[in-house]
Amino acid sequence: MTVLTVPMAETDAVSITRRTRVLRRLRRNPLAVVSFVVLALAAAVALLSPWLAPYSVDQTDFARTFAPPGTSGHLLGTDDLGRDVLSRIMLGARASLQVGLLAVATSLVIGVPLGLAAGYFRAWDAVISRFTDLLLAFPFLIMAVGLAAIRGASLGNAAVAIGIAQIPGVIRVVRSDTLRLKSLDFVAAAVVDGASDLWVLARHILPNATSVILVQATVAIPAAILGEAVLSFLGLGIQPPAPSLGTMLATAQQFAARAPWAAVLPGVVIMGLALAFNVFGDALRDALDPKGDRR
Amino acid sequence: MARYLLTRAWQSALTLLLSTIVVFVGVRALPGDPALALAGEDRSPEALDAIRRHYGLDQPLPVQFAQYVERVAQGDFGVSIRTGTPVSSMLTTALPVTVELSVLAIAIASLLGVGAGVLAAVRRGRPAEWLANALALIGLSVPHFWLGLLAILYLSVATGLFPASGFVPLLEDPLDNLHHIVLPAVILGTGLAAIIMRQTRSAMLDSLSSDYVRTAKAKGLRPRAVVTRHALRNSLIVVVTVVGLQLGGLISGAVVTEQIFGLPGFGKMTIDAVFQRDYPVIQAVVLLTATAYIVINFFVDLLYSVIDPRIRVTGDPA
């Protein structure tokens, strides 16, 4: 009788212990804790920046252009138009995170179903592989160039271009995890039990693939943040006067000799954000690795 | 082997055809009449008619596509709207700069990445590993165009060690050429080096704990020889894989790097074209990038099967 009992994807008890194990591993890793705190702070600042920022982002003060950091009233100084750098960095970081999340959401919404289909249905695999090849042939910057030519440059188009370029990566990890899960007994048991393909995918495969999707998203966000900075720097992303860390660096390049700090600060913030995501992503992957404790 | 080669060739050809269709359709999706976009300043009805006839815009779409492929195959990418020069001649001056920059960047990245990766794996748990890992994480997270800005600010302008911008053709003065291009190449190579380092490290860790390395150690081979002769061999595959996969990132990176260092390459041409709405140039750039990606990755796969015989047999690059 017990032989015929169909095992569920993971019983609730098992998934709870797994979750606590992963969380415990994360808590014990100082790098994970530090990067998580940095990300939580950045998210809080980004959410509250319209209220936290000491000045309005486009409030100019032509009497005080290029004030160095530490000038009273302007903690991080002012730019070429006398705008407060701290306020602009706060809202720029907000835009960076927005693009990061939007791009990754785009890539997941399209990539996860395609990855599942490619891994589960043999017949679809070849078609989806050609689609992946096609996407890979257009690097994100070239994709952004094309989109900017057709639809104009904007935050949304930059995020879409980056998101589309990230789809192949999502398809790859979801496909290979689907292939792995499909060969496991509990999936075979569900099929024998008469479950439909959609049910197996939604109830058994997708829930078990969440950890690889999560890791993929954590490493895709910093890549998208760097991508946004590049596009905005080149003028293909967020359009001035809207604040963006990339456009701040583009302006700073013109005035680098007069105000070198303006070329340093936005870059440090971009790097800090990307670094925190990458460190946390590494820690998360280690924590989710079933072999983690033995290493 | 022949079967694998044929399959890959067929797949590449199909992807190439699809990407050409995408570019062709993309140009049709441009706002407004393509003839208007192509005409630039001269928008008289006669000029528009002439353009429609010349580009076959009065023909049905499939015919237009066939004509487009025919022209492109002959190297005719049309004429730049802004400068009036053929796009193909703009490409012949711009491409060598970008190719030189990219090749140099890959070389630098491979040296740094493989070196640091091997070091990190061999010195497991020591400060050297920690340092190499930290540098790789920073290399992945730093916006390299920002590094370029800082390098110009603190290395070129402040010390005068390197020129801040400009370019000298390789054939004109090889030394001066290197002087202009080495800093951009190092900057472009940093991100790639970080990825190669991480892959090399994990590949090395895997092979160092494998049976054949244990055998080599057991038979009394010196540790250095074990690393170089047995374990390091696999890192060649790592470099080839990473370069193939990261080619798109490399092309994107080259565009930005050229923009910052004022190198007159493919990237600068691309960005200028976007801002000048120079559609024939944009079209050529997008198509050429896709073609380069597909063709180079085809050769990467071939190279793969030469390096790793297992792929030849199973036909599946793991």
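Start with the confidence colouring: pLDDT is the predictor's own confidence in each residue, on a scale from 0 to 100. You'll also be picking helices throughout, and here helices (H or I, at least four residues) and strands (E, at least two) are DSSP runs, numbered from the N terminus. This is a predicted model, where local features need pLDDT of at least 70 and side-chain atom pairs count only at pLDDT 80 or more, while totals for chains, interfaces and linings use all residues. Residues are numbered from 1 along each chain as its sequence is written, and chains are lettered from A and ligands numbered from 1 in the order in which they are written.

**Stop 1: colour by confidence**

Select chain B. Its mean pLDDT is 82, with 91% of its residues at 70 or more. Within chain B, helix α15 (residues 309-314) has the lowest confidence, a mean of 58, and α5(B) has the highest, at 90.

Now switch to chain A, where the mean pLDDT is 83 and 93% of residues reach 70 or more. Helix α1 (residues 12-28) of chain A is lowest there, with a mean of 76, and α3(A) is highest at 92. Then pick residues 1-9 of chain A: pLDDT stays under 50 over that stretch. Two residues are in contact here if their C-beta atoms, placed from the backbone, lie within 7 Å, and the model has 10 contacts beyond four places in sequence for residues 1-9 of chain A. For the model as a whole, the scores are ipTM 0.81 and pTM 0.85.

**Stop 2: the two chains, zoomed out**

Show cartoons. Chain A has 10 helices and 0 strands, while chain B comes to 15 helices and 0 strands. The C-alpha atoms of chain A fill a box of roughly 85 × 45 × 30 Å along the principal axes; the C-alpha trace of chain B spans about 85 × 60 × 35 Å.

How much of each chain is buried? A residue counts as buried if 20 or more other C-beta atoms lie within 10 Å of its own, exposed if 12 or fewer, and partly exposed in between, with C-beta atoms placed from the backbone. By that count, 47% of the 295 residues of chain A are buried, and 38% of the 318 residues of chain B.

Take contacts between residues at least 6 apart in sequence: in chain A, 71% of them join residues at least 24 apart. For chain B that share is 68%.

**Stop 3: a helix pair in chain A**

Select α3 (residues 85-120) and α10 (residues 260-288) of chain A. Their axes are 11 Å apart and they pack at an angle of about 35°. Axes here are lines fitted to C-alpha atoms, for helices over the stretch in contact, and angles run from 0 to 180 degrees between N-to-C directions. Look down the pair and α3(A) passes α10(A) in a right-handed crossing, meaning the near helix is turned clockwise from the far one by less than a right angle.

**Stop 4: where the chains meet**

Chain B puts 39 residues into the contact and chain A puts in 36. On chain B, highlight α1 (2-28), α6 (127-141), α7 (144-159), α12 (247-261), α13 (266-275) and α14 (279-307), each of which supplies at least two residues of the side that touches chain A. That side of chain B has 28 nonpolar residues, 11 polar and no charged.

**Stop 5: the core**

A nonpolar core is a set of buried Ala, Val, Leu, Ile, Met, Phe, Trp, Tyr and Cys residues joined through C-beta atoms within 7 Å. The largest one has 167 residues, and those with the most contacts inside it are A144(A), V145(A), A161(A), I270(A) and I196(B). Its largest share, 17 residues, comes from α3(A).

Centre on V145(A). Neighbours within four places in sequence aside, V145(A) is in contact with L236(A), T270(B), V274(B), I282(B) and V286(B).

**Stop 6: loops and an open helix**

Pick G152(A), in the loop between α5 (140-151) and α6 (155-182) of chain A.

Over in chain B, I81(B) sits in the loop between α4 (61-73) and α5 (87-122). I81(B) is partly exposed, with 19 other C-beta atoms within 10 Å.

Last, select α9 (residues 211-218) of chain B: of its 8 residues, the number buried is 0, so α9(B) lies largely in the open. G220(B) follows α9(B), with a positive phi near 95°.

Methods
Nonpolar A, V, L, I, M, F, W, Y, C, P; charged D, E, K, R; others polar.
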